[in-house]
Amino acid sequence: MYSLLWLFDTIVSLYVWILIASAILSWLVAFNVVNPQNQVVRSVGEFLWRVTEPVLAPIRRLLPNLGGIDVSPIILIIGLYFIRNLVFELLA
C-alpha cells in the first residue's frame with residue numbers, strides 16, 4: 001500500500017513541477033525573454049500547454065476575471081496538495 005501512496009505522491013509532485021514550468025515559460029514568452037518562434041521553445045511550450053490546459057481550463061471558467069492575472073495554477077496546486085494529504089490521511 002505504501003508503494004501506491006509513494007507513486008501517487010510522485011505523480012502529484014511531478015505535475016506540480018510541470019505547472020510551475022508552464023507558468024514560468026508563459027512569463028518568459030510574455031516578457032520576450034525567449035523567442036516563441038524557436039522550435040525548442042515552441043515544442044516545450046506546446047507539451048506543457050497540452051498537459052496542463054485540460055485541467056486548468058475548467059478552473060479558469062469558474063474564476064472571475066482578474067484583469068490579466070491567472071491564479072488558476074495556484075488554485076490547482078493547492079487542490080492537488082489537499083487531495084494528496086487527504087489520501088495520505090485516509091490510507092496511511
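**View 1. Thr 52, a buried residue of helix 2.** With a relative accessibility of 2%, Thr 52 counts as buried, because buried means under 20% relative accessible area. This and every other view here shows a predicted model. Thr 52 is found in helix 2. Which residues does Thr 52 touch, not counting those up to four places away in sequence? They are Tyr 15, Ile 18, Leu 19 and Ser 22. Keep these names in mind for the next view.

**View 2. Helix 1 crossing helix 2.** Two packed helices are described by the angle between their axes and the distance between the axes. The axes of helix 1 and helix 2 cross at roughly 120 degrees and come within 9 Å. Helix 1 and helix 2 are therefore oblique to each other. The crossing in which helix 1 passes helix 2 is left-handed. On the helix 1 side, the contact is made by Tyr 15, Ile 18, Leu 19, Ala 21, Ser 22 and Leu 25. On the helix 2 side, you can look for Val 41, Val 44, Gly 45, Leu 48, Val 51, Thr 52, Val 55 and Leu 56. Sorted by class, this contact has 11 nonpolar and 3 polar residues, and no charged residues.

**View 3. Helix 1 from end to end.** Here is helix 1 on its own. How many residues does helix 1 have? There are 29, and from the first C-alpha to the last helix 1 reaches 42 Å, close to the 42 Å expected at 1.5 Å a residue. The buried residues of helix 1 are Leu 5, Val 12, Tyr 15, Val 16, Leu 19, Ser 22, Ala 23 and Leu 25. Against what do these buried residues pack? Their partners are helix 2 and helix 3. An α-helix has 3.6 residues a turn, so residues three or four places apart point the same way. Leu 7 is also found in helix 1. Its relative accessible area of 42% is why Leu 7 is described as partly exposed. Leu 7 and Ile 77 are 70 residues apart along the chain, and their C-alpha atoms are separated by 18 Å.

View 4. Asn 32 lies in the loop between helix 1 and helix 2. Most residues other than glycine have a negative phi. What about Asn 32, which is not a glycine? Its phi is positive, at about 55 degrees. Is Asn 32 buried or exposed? At 66% relative accessibility, Asn 32 counts as exposed.

**View 5. Helix 1 alongside helix 3.** Helix 1 and helix 3 pack with their axes 10 Å apart, at an angle of about 175 degrees. That angle makes helix 1 roughly antiparallel to helix 3. From helix 1, the contact is made by Leu 5, Phe 8, Asp 9, Val 12, Ser 13, Tyr 15, Val 16, Leu 19 and Ile 20. From helix 3 come Leu 76, Ile 77, Leu 80, Tyr 81, Ile 83, Arg 84, Val 87, Phe 88 and Leu 91. By class, the contact of helix 1 with helix 3 has 15 nonpolar, 1 polar and 2 charged residues.

**View 6. Arg 84 of helix 3.** Zoom in on one residue from the previous view. Arg 84 has its place in helix 3. Is Arg 84 buried or exposed? Arg 84 is buried, with a relative accessible area of 19%. Leaving aside neighbours within four places in sequence, Arg 84 is in contact with Phe 8, Asp 9, Val 12 and Ser 13.

**View 7. Helix 2 meeting helix 3.** Helix 2 (residues 39–62) and helix 3 (residues 72–91) have axes 9 Å apart and pack at an angle of about 110 degrees. Helix 2 and helix 3 are therefore roughly perpendicular to each other. Val 55, Leu 56, Ile 59 and Arg 60 of helix 2 make the contact with Ser 72, Pro 73, Ile 75 and Leu 76 of helix 3. By class, this contact has 6 nonpolar, 1 polar and 1 charged residues.

**View 8. Ile 59 and its contacts.** Ile 59 lies in helix 2. With a relative accessible area of 16%, Ile 59 is buried. Ile 59 touches Ser 72, Ile 75 and Leu 76, not counting residues up to four places away in sequence. Ile 59 and Ser 72 are 13 residues apart along the chain, and their C-alpha atoms are separated by 6.0 Å.

Technical notes:
Residues numbered from 1 in each chain as written. Predicted model: local features only at pLDDT ≥ 70, side-chain atom pairs only at ≥ 80, totals over all residues. Heavy atoms only, no water. Axes fitted to C-alpha atoms, helices over the stretch in contact; angles between N-to-C directions. Helix = DSSP H or I, 4+ residues; strand = E, 2+ residues; numbered from the N terminus. Parallel < 35°, antiparallel > 145°, perpendicular 65-115°, else oblique. Contact = heavy atoms within 4.5 Å. Nonpolar A, V, L, I, M, F, W, Y, C, P; charged D, E, K, R; others polar. Buried < 20%, exposed > 50% of the residue type's maximum accessible area, 1.4 Å probe, protein only. Left-handed = near helix turned anticlockwise from the far one by under 90°. Expected span 1.5 Å × (residues − 1).
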